[in-house]
Amino acid sequence: LYYIKKYPVSLVIILAVIYLRFLNRPLPIWAYPYLDKVVHICMYFGMSGMLWLEFLRAHRRDRTPMWHACRAFVCPVLFSGAVELLQAFCTTYRGGDWLDFAANTTGAVLASLVACFVLKQE
């Protein structure tokens with residue numbers, strides 16, 4: 001219940017990513033090479049960015065150390081790895097892809113860089 005109150009939008013985004021990652025329908029946009037990698041970067045940029053925003057909003061008044069915010073980077077990367085492994089070993093219609101994992105990590109890194117830049121400006 002604590003996380004639902006503190007991180008409601010992030011949880012909705014995580015559920016949307018889970019749905020999209022296990023979707024069993026081919027989409028016509030995959031005809032373009034590596035467009036799916038751009039989609040992966042955007043999904044995880046949004047997830048990590050929203051975790052950063054909600055962490056900063058939820059903990060601006062208390063004395064939570066800023067290094068706790070690294071969870072906004074670590075959690076999406078670990079989540080991404082777990083989803084890739086689940087796709088590889090638990091589904092017949094999706095396969096785990098190391099380039100997808102790299103694209104997911106790139107999205108989380110970009111969101112964290114933007115968050116660090118914004119924090120330096122304050």
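The model is predicted, so local features are described only at pLDDT of at least 70 and side-chain atom pairs count only at pLDDT 80 or more, while totals for chains, interfaces and linings use all residues. Residues are numbered from 1 along each chain as its sequence is written, and side-chain values use heavy atoms, with hydrogens and water left out.

The chain has 5 helices and 0 strands, where helices (H or I, at least four residues) and strands (E, at least two) are DSSP runs numbered from the N terminus. Read from that end, the order of elements is α-α-α-α-α. Taken along the principal axes, the C-alpha atoms fill a box of roughly 45 × 30 × 20 Å. Of the 122 residues in the chain, 30% are buried; buried means under 20% relative accessible area, exposed means over 50%, and partly exposed lies in between, with a 1.4 Å probe and protein chains only. Contacts (heavy atoms within 4.5 Å) can also be sorted by their separation along the chain: among those between residues at least 6 apart in sequence, 73% join residues at least 24 apart.

H2 and H3 pack at an angle of about 165°, with their axes 8 Å apart; axes are lines fitted to C-alpha atoms, for helices over the stretch in contact, and angles run from 0 to 180 degrees between N-to-C directions. The two helices are therefore roughly antiparallel to each other, given that angles under 35 degrees count as roughly parallel, over 145 as roughly antiparallel, 65 to 115 as roughly perpendicular and the rest as oblique. The residues of the contact divide into 11 nonpolar, 3 polar and 3 charged, where Ala, Val, Leu, Ile, Met, Phe, Trp, Tyr, Cys and Pro count as nonpolar, Asp, Glu, Lys and Arg as charged, and the others, Gly among them, as polar.

The axes of H3 and H4 come within 8 Å and cross at roughly 140°, and these two helices are therefore oblique to each other. The crossing of H3 and H4 is right-handed. Here His 40, Tyr 44, Met 47, Ser 48, Leu 51 and Trp 52 in H3 meet Ala 72, Phe 73, Pro 76, Phe 79, Ser 80 and Glu 84 in H4, and by class this contact has 8 nonpolar, 3 polar and 1 charged residues.

For H5, 24 residues should span 34 Å at 1.5 Å a residue, and its end C-alpha atoms are 35 Å apart, which agrees. The buried residues of H5 are Asp 100, Ala 103, Asn 104, Thr 105, Gly 107, Ala 108, Ala 111, Ser 112 and Ala 115, and what covers them includes H2, H3 and H4.

Tyr 34, in the loop between H2 and H3, is exposed, with a relative accessible area of 57%, and its phi is near 65°, a positive value in a residue other than glycine. Most residues other than glycine have a negative phi. Arg 25 lies in the loop between H2 and H3 and counts as exposed at 63% relative accessibility. In the loop between H3 and H4, Met 66 counts as partly exposed at 44%, and touches Phe 55, Leu 56 and Leu 119, not counting residues up to four places away in sequence. Gly 46, in helix H3, is partly exposed, with a relative accessible area of 28%.

Key. A crossing is left-handed if the near helix is turned anticlockwise from the far one by less than a right angle, and right-handed if clockwise. The expected span of a helix is 1.5 Å times one less than its number of residues.
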